[in-house]
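The following exercises concern a single protein structure. Please study the sequence and the model shown here before working through each solution.

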Amino acid sequence: MSKHVKEMGVLKEHLGKHQLKFTRQRELILDAFLKQEHITAEEMYHQLARKDPHLGLATIYRTLNLFCEAGLAQARHFGTQTQYDNISHKGHHDHLICTGCGKIVEFENCDIERLQEEVASRNGFTIQTHRLELYGLCSRCRQ
C-alpha cells in the first residue's frame with residue numbers, strides 16, 4: 001500500500017521500542033499524512049473517514065502524536081488549532097501564518113538564522129532549538 005519505505009521503517013522501529021503494533025490503521029494514517037505539509041487531526045479524520053469508517057478521531061490524535069514521538073511530525077500550535085507538520089523530508093524551516101484564512105507558508109532564511117545566532121551569542125546563549133512563527137495577513141486577505 002505505501003511507498004514511504006523509510007518513514008515506515010522509522011515508525012516500525014519506534015513502535016517496536018514501545019511494544020506497540022504496526023496496524024493497518026496506522027499505516028493508512030501515515031500514508032495520508034506523508035502526502036501533506038500541515039494538517040489537523042480533524043482534517044485527517046474527514047479525509048480518511050471515507051476510506052475507513054471505523055477510524056475514530058481519537059485514533060488519529062494518538063497516531064499523530066506517535067509520529068511526533070518518532071520524529072516524523074511536529075505538533076505546531078498555530079492560533080487555536082494544532083497542525084501536524086510533516087518534517088520527515090524537511091530540514092529546519094520557519095512559518096508565516098495568515099490570521100485571516102489560516103494559510104501557512106514555510107520559508108528558510110539564512111540571514112534570520114545568522115542573526116538569531118548572533119543575538120544568542122551576545123547574550124551568552126547556545127541555541128539548542130527554536131521556532132519562528134510570523135503572524136499577519138496574506139495578500140488575499142488584505143484585499
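**Exercise 1: A charge and a ring**

The charged end of Lys12 sits over the ring of Phe22, 4.8 Å from its centre. The model is predicted: local features need pLDDT of at least 70, side-chain atom pairs count only at pLDDT 80 or more, and totals for chains, interfaces and linings use all residues. Residues are numbered from 1 along each chain as its sequence is written, and side-chain values use heavy atoms, with hydrogens and water left out.

Task: State which criterion applies to Lys12 and Phe22.

Solution. A charge sits over a ring if NZ of Lys or CZ of Arg is within 6 Å of the ring centre and within 35 degrees of the ring normal. For Lys12, the distance to the centre of the Phe22 ring is 4.8 Å.

**Exercise 2: An aromatic pair**

Task: Classify the aromatic pair formed by Phe33 and Phe67.

Solution. Step one is the rule: rings of Phe, Tyr and Trp (its six-membered ring) pair if their centres lie within 6.5 Å; planes under 30 degrees apart count as stacked, over 60 as edge-to-face and the rest as tilted. Step two is the count, which is 1 aromatic pair in the structure. Step three is the geometry: the centres of Phe33 and Phe67 are 5.6 Å apart and their planes make an angle of 45°, so the pair is tilted. Step four is location: Phe33 belongs to helix α2 (residues 24–33) and Phe67 to helix α4 (residues 57–70), so the pair ties together parts 34 residues apart in sequence. Helices (H or I, at least four residues) and strands (E, at least two) are DSSP runs, numbered from the N terminus. Finally, both Phe33 and Phe67 are buried, where buried means under 20% relative accessible area, exposed over 50% and partly exposed in between (1.4 Å probe, protein chains only).

**Exercise 3: Cysteines**

Solution. A disulfide is a covalent bond between the sulfur atoms of two cysteines. The cut-off for the two sulfur atoms is within 2.5 Å. The structure holds 0 disulfides. At 35% relative accessibility, Cys101 is partly exposed.

**Exercise 4: The sheet**

Task: Give the strand order of the open sheet.

Solution. The 3 strands run in the order β1-β3-β2, with antiparallel pairing; two strands pair if DSSP finds at least two bridges between them. β1 (38–39) and β2 (73–78) stand at the edges, each with a single partner strand, so one side of each lacks a neighbour in the sheet.
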